[in-house]
Amino acid sequence: MLRLALALLVLLITALPGCAVNPVSGKKQVVLMSEEKEISLGRQMDPEIRKEYGVYEDPKLQGYVQRVGEKLAGLSHRPELFYRFTVLDSAEVNAFALPGGYVYITRGLLAYLNSEADLAAVLGHEIGHVTARHAVRQYTTAMAAQIGYTIGAIFVPELGSQAGSTLFNVLGTALVRGYGREHELESDRLGAQYLALAGYDPDAILEVLEVLKDQEEFEVERAKLEGREPRVYHGVFATHPSNDQRLQEVVHEAQTQKVVVPTIGRSDYLAHIDGLVFGDSVKQGIRHANKFYHRDLGIALTFPEGWRIENRPDRLLAISPKRTGQMLVKLEDLNRRISPSEFMRERLKLNNLKQAGTLQGTGLPSYTGVARMPWSFGAGPSRKLDTRVALLFFRDKAYVFYGASTSQEQFNGDDRLFLETARSLHALTSAEQQLAEGLRIRLIDVSVGSSFAKLSANSPIPNYPEKILRLLNDKYPQGEPQPGSKLKIVQ
């Protein structure tokens, strides 16, 4: 039965009209997507990427990234494509490419690069994914597996389970998490070639990989301290270290094409990112220590000292130092002129609250009470806990605060903090308007006696300022600034 299934699979694949010349190798290969469809797919997905991340509003920086990218793309194996290089307004450290020439890099990654050669290395790697048609090849592999799955399900019914079918949902993940070791190595090889042809040192790929590995090491450490999963660029570098022999070989292949004096472009690059927004997006709201400011909503909040604030797209999450207490803040539109107590019952579906009544100490329309609600602390299962719920109206929005603790005794102590946080909601003052504009990368000249410990003492970076300053300047984990050099700080 299985032999018959395999035979049918081979017949189906060879019968499909999809043989094309690989633009990199020049050899024919079976693909199940035409170039026209490939470009169309990228064109369709591009607006979704822009909507999800937002485009960083800096025409000069966007133009600079486009020029560097075009220099490399024009020397690639597919120079006939129109390449679009977009800086995304995201603090994530990431870069990725869509089929057909759509390449993205986040401002979060730009902050940690230190030269034009570094930028070119990232863009060259992503161009490599486009020129080698990795998305198309990944799609072809997935579709071949799907055909095998369909045939196999006839002869092996167990393959029809949900667990079996999920094995084939791989293409979307590949676009943002990488294409696997072999494709990533091929992109490094191609990127190194394009760097050399454009006048950059191919070894810039290894330098960038060191930056990313430092980021990954710090992120893993930070995630462990914060009790969450790490968020790392492409997710493949754990098996793709900079001292990997195959990686060294594919990068050094391009050394024969390297110009005598390669372009580094440190000063030019740093000048372009001077003033780059760092950390939270102004559109998503800004954290300063235990305070939160949102320019467009016109509000400010104060959380308990020492609590870690996570600014997520759909909520604010605050976690106590020992992770025994949590607060959530959500935003709801006001559509009808009803009272806060009516909103609590009708929109939030909360009835029979304990300790219910108007929130004292605020001039805003409000209501509060205690309800039993499910919570999950860490990786454990959710359980119902006493939860402080506070609701305040400001302009045309309803701000909903939820607070819970790991035990009833802990809740009794934390409840005062939950209420203080809710009543701290107020309109931005004139002094807070500037704080709501966010943090930015600034350049300084290093003086004698400077150290990252001293620079971090007054840094507005909310968490781990000394380590982040080292990462920004490629001095992680123990390096110190050199007098007379340019240094990136955050103000």
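Because the model is predicted, local features need pLDDT of at least 70 and side-chain atom pairs count only at pLDDT 80 or more, while totals for chains, interfaces and linings use all residues, and side-chain values use heavy atoms, with hydrogens and water left out.

**The sheet**

Begin with the 7 strands that form an open sheet in the order β10-β11-β12-β16-β15-β14-β13, with antiparallel pairing. Strands (E, at least two residues) and helices (H or I, at least four) are DSSP runs numbered from the N terminus, and two strands pair if DSSP finds at least two bridges between them. At the edges you will find β10 (308–312) and β13 (354–357), each of which pairs on one side only. Neighbouring strands of this sheet are turned by 25 degrees against each other on average, direction ignored.

Now select residues 366–375 and 383–394, which are β14 and β15, an antiparallel pair joined over 10 bridges. Within this part of the sheet, Arg 372 stands opposite Asp 386 in β15.

**A pocket and a cavity**

Rolling a probe the size of a water molecule over the atoms shows where empty space is left. On a 1 Å grid over the protein atoms alone, a cavity is a set of points where a 1.4 Å probe fits but cannot get out, whereas a pocket is an open set with protein on both sides within 12 Å along at least five of seven lines; lining residues have an atom within 4 Å of a point. Grid points are joined across faces, edges and corners, and a volume is the space filled by probe spheres set on the points.

Select Leu 317, Gln 326, Ser 376, Phe 377 and Gly 378, which lie nearest the centre of the second largest pocket among its 21 lining residues. This pocket has a volume of about 460 Å³, and β10, β11 (315–319), β12 and β14 each supply at least two residues of its lining.

Then move to Leu 98, Pro 99, His 129, Val 130 and Ala 135, which lie nearest the centre of the second largest cavity, a space lined by 11 residues. About 50 Å³ of space lies in this cavity, and its lining takes at least two residues from each of β4 (95–98), α5 (116–131) and α6 (134–155).

**Single residues**

Select Gln 193 in helix α9 (residues 181–197), a residue that is buried, with a relative accessible area of 18%. Buried means under 20%, exposed over 50% and partly exposed in between, using a 1.4 Å probe and protein chains only. Gln 193 touches His 77, Ala 254 and Gln 257, not counting residues up to four places away in sequence.

Asn 352, in the loop between α13 (340–346) and β13, has a positive phi of about 55 degrees although it is not a glycine, and at 79% relative accessibility Asn 352 counts as exposed.

Finish in the loop between α17 (465–472) and β19 (486–490), where Pro 477 is found; a cis peptide bond joins Tyr 476 and Pro 477, with omega about 5 degrees.

How values were computed: Residues numbered from 1 in each chain as written. Axes fitted to C-alpha atoms, helices over the stretch in contact; angles between N-to-C directions. Contact = heavy atoms within 4.5 Å.
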